[in-house]
Amino acid sequence: MANGTAATISEPSFLEYKSGFRSWFYTTDHKRIGILYLVSISIFFIIAGSIAIVMRAELFTPESDIVSPHTYNVLFTLHGSLMVFFFIVPGISASLGNFLIPLMIGARDVAFPKLNLGSYWLYLIGAAILLFALLEPADTGWTFYTPYSAKTNTNVILLTLGIFVLGFSSILTGLNFIVTIHKMRAPGMTWHRLPLFIWALYSTAILQLLATPVVGITLLLLIAERTLGIGFFDPDKGGDPVLFQNFFWFYSHPAVYIMIIPAMGVISEILPVFSRKPIFGYKAIAYSSVAIAIISFFVWAHHLFVAGISETAAIIFSFLTFLVAVPTAIKVFNWLATLYKGSIQFHSAMLYALSFLFLFTVGGLTGLHVGALAADIHLHDTYFVVAHMHYVMIGGTVMGFFGALHFWYPKWFGKMLDDTLGKIAWFFVFIGFNVTFFPQFFLGVQGMPRRYATYLPEFEPLMKLSTIGSWILAIGMIIMAYNLIKSLYSGEKAPDNPYNSLSLEWQTSSPPILENFKEIPVVTDWSYGYGKKG
Amino acid sequence: MNWVPEVASSFAGKVDGVLWFVTVLSIVFFILITVLLIYFSFKYKRKTENDETPYITGNQTLEIIWTVIPSILLFVIFAYGLIVYKEMRTPPGDAVEVNVTAKQWIWIFKYQNGKSTINELFVQHNRPVKMVMRADDVLHSFFVPAFRVKQDLVPGMYTQLWFNPTKVGTYDLFCAEYCGTGHSQMLAKVYVMSPEAFSRWEKGDEEEGTIGTAVTKASEELGKDLYKNKGCIACHSIDGSVGVGPSLKALFGKNESLQDGTTLEVDENYLRESILIPQAKVVSGFAPVMPAFKGILTDEEVDALIVYIKSLK
Amino acid sequence: MSENHDEHITPYKTYIIIWLILMALTVITVYVAREIDLGSINLFVAMIIASIKATIVALFFMHLKYEDSITWVFALYPLFLLSLLIGLTSIDVFNRIVP
Amino acid sequence: MEQLTADHVHVHHIDPVEEYEQSKFGMWLFLGTEILLFGGLFATYAIFRAKYPEMFHLDHLKLDWELGALNTIILIGSSMTMAIGVTASKKGNNKLLIIMLAITIICGLVFGFNKYLEYTAKFAHHIYPDTSIFFSLYFMMTGLHMLHVFIGLIVLLIIMILAIKGRYSASYNTHVEVGGLYWHLIDLIWIYLFPLLYLIG
């Protein structure tokens, strides 16, 4: 992209221009709000991750020895709820999206900066409600299936209320992003010059905007069921428990894509930079993001094949489910083709991007097993699903998230990360992740049901292996966290554009100045013009 | 190590067929992608800072190929899954019906001859059975890996599944839908019996069926088996911790206060009544949720349980 | 998207006319439902009238008529999703087998 | 951006026309969210009405359709006054805007008062949200709608105060337009709730 903004800028960066509590919690600067989200979601990631370690430790032996079955149920409820609603849904979208969207489209801020701050406060309010909910935590699983969630005497209301509030935070963030991307692109930034990360976040924002309200009303009805005694989901009052599952997954399946599409966007940015080649099939990748955003609304009931839904519905939903696999496959092939004849540099961010390709492929392909009707009947609610989901969520989203952190770290904080340490951490994360979750595919096929506090002795060897893997994974995470924090203090000062990227965010200072650019850049080309034309 | 659980129903092999088909396809694509990924990564590893790279932005033909081929394969998987699914969902007309009721955290099976069992399902070899299922309280799910069947049980609504057991033996039945504290203890056994053994069981000469050796066991040991197999374990601990029901530890001889305000000392008669008709005298602080075991346990079995409870000092 | 900033200003008179039409439709829908009572197609008729009213409100009171295409997309897409939610859920609820 | 005092910081100047376009588009997006929020309830209604037609028929007779019709007239009227207010504001007629906002707010309050009468009458007859599926729907739908009326009233009140302070002109009336859109949505939802609940149970 040709523009003259890379000239040395003497203004203080957005990190330095002002300090103190108010300058952060009352800021309307999208970059600071991005950092606030980053810190908040990281805290929840650490909490929920630690819970996972305790759960795996409990599962080291078949009996319940570390925590009681009830506590175990509470733990997996918290692990799921925190990871899904507090970490991974707002994850890349709210933290990196906030930081990067205006920078990448050449704007000074998002369309509604005050609303943006409001979204973050809503997130904090949701988090505060959650803290109260922890006093007597729910044991329903993060899916809150009725009638159990309407009957259990643990505190379901506070947890769902917290998630309801977070939902509005998510809706308003999505709304903000859609308007920003529509109305605030720099001159010359046409739709077909937009970075693919922006396309991905645009698709995500549509899902956030239009799927979240349905889970909002569903959780509200659940709260009403517990407080007012209404009975839409209560069979004793003529209600239908499976209706709850329909409504819940109308949001929660698109939510899976709210989690994964931003990571796909990250990969589309990292691969070309470290291959020094244009992204392969720009339009195919861009449109497939939008296609996923649309089709993913039609597939929710593939979570319900054995829930008691009608056969007709099961068949229709199975078919639609296979439809949504097509755009995903297209993306993977295009990424792969991007590497062809490139000049590939194994930066730690690139390692995460490549492992994304590898792990997400496993996650995506095992999705076919559970999408096929007959196979799903056997695999549903077993460890196979647990493994599949973690391959998509960790192998996909979290790898993308880590890749993004390593990639944009110099831009956020103006410091270079220790790349060697980054690679060591990557090694442990990659190995640990696979050791933890790969055995779970076999456990699932052999019939080990999920959400079991105790299990039959025949599953013990693989369960032990999985637990050992979780320790390796934890070591990797600790090294990475150390690297991220250490580099803040002792990292080398980052140049404005350490990877010679063509994308707009690298054409301003590192870290960027308060209003991103000295002058709004004029865009003349797309941001993937690497390589020699000819 | 076995890749898949035992193949013990008429369609288990077909389900495995779908599983293997998808798995093989997945492995092919996985290998294709991984090999290319690793090959490209090393072949095109950066040599100098100024490596020249070609300006390739896409290829229409390739895009079409890798859109169309996966689409076709995906449709084939869908169709294959659908065909087997149809068979799994269509019970043959001559299937024997068994009524299944699930409640926190036991399975109750009622047979056409009026018998009923708890946490033990008896079926005849090579005779299709259809489960007509209902949950009493919350969602549960009937899952027998060896038969490749799974179906949720929903309160207020009947669901069904069928299978034709093709192998004599004993199989695990799991609850696969999360249902609360005792979820992972909500296990049962499926006994697939030869026609002779089954008709003997049906006639009722052999009430304990499974625990065929039970007669020879000492009462206390039999009681312990029953405690584990009949679902008591899900709600009543033996270590003093309070579950859904009172702990059995040191229960005998204890003074309990009841919900109607009276107190009594736990003796044999109270234990017997509480097993057979639990709702008669409920200890205060607990919900009256225990199922009645009248007609399910024999007198000898109740005696054995009482001996066992007495032994828990 | 919309580069055209000369905004359309609806005259007051239009609003009065629209209001009169809406009132008339309200009377019709009440009359049809309570006096004529078409039985099973009652729901159908009432929903058509309500949709006409809603369309008029959106087009004129909310000026959707003068909005750009992207606003139309985001105004109509939720309705499509809603029909999907109702339609596909009904396919499940009303086709379940009764053993 | 108000808190920034550093002199070397760019002034974030927002073009009022752009801001107007963005805000209006943003509000349309938000209305989409609102439609799907109510959508969950509409879907519930559709399912249970098909499942229990008799219950819906018998229960809906217990509702006071005349009061419902009155409320419909009031709310549609308020929608019209709101629309007139928007036009007035675009024409720079601040006085008319204030009058129209006042009428709209009064209509909203009367609507709320009628709802209050309706609810208390139901409670007096021992009809509560847990009485039947129909009344669960009735209370949830009208309750959520009432909550929106309440929020809408607060928004309009703030806009009216700002209008009295002379904040709006022919060239700047974003709040009025956006607040108006929200108020019309409340009307839109009611246009469906009225026949669904009061007329064709």
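**Chain C and the A–B interface**

Hi everyone. pLDDT is the predictor's confidence in each residue, from 0 to 100, and helices (H or I, at least four residues) and strands (E, at least two) are DSSP runs, numbered from the N terminus.

In residues 1-5 of chain C the pLDDT is below 50, and beyond near neighbours in sequence this stretch has six contacts in the model. A contact means that the C-beta atoms of two residues, placed from the backbone, lie within 7 Å. Where pLDDT is low, the predicted coordinates should not be read in detail.

A word on conventions. This is a predicted model, where local features need pLDDT of at least 70 and side-chain atom pairs count only at pLDDT 80 or more, while totals for chains, interfaces and linings use all residues. Residues are numbered from 1 along each chain as its sequence is written, and chains are lettered from A and ligands numbered from 1 in the order in which they are written.

As a whole, chain C averages a pLDDT of 87, with 92% of its residues scoring at least 70.

Now, which chains share the most contacts? Of the five pairs of chains in contact, that is A and B. Here 70 residues of chain B touch 74 residues of chain A. H2(B) gives the largest share of chain B's side, 17 residues. Chains B and D, by contrast, have no contact, and their closest C-alpha atoms are 14 Å apart. Thanks, all!
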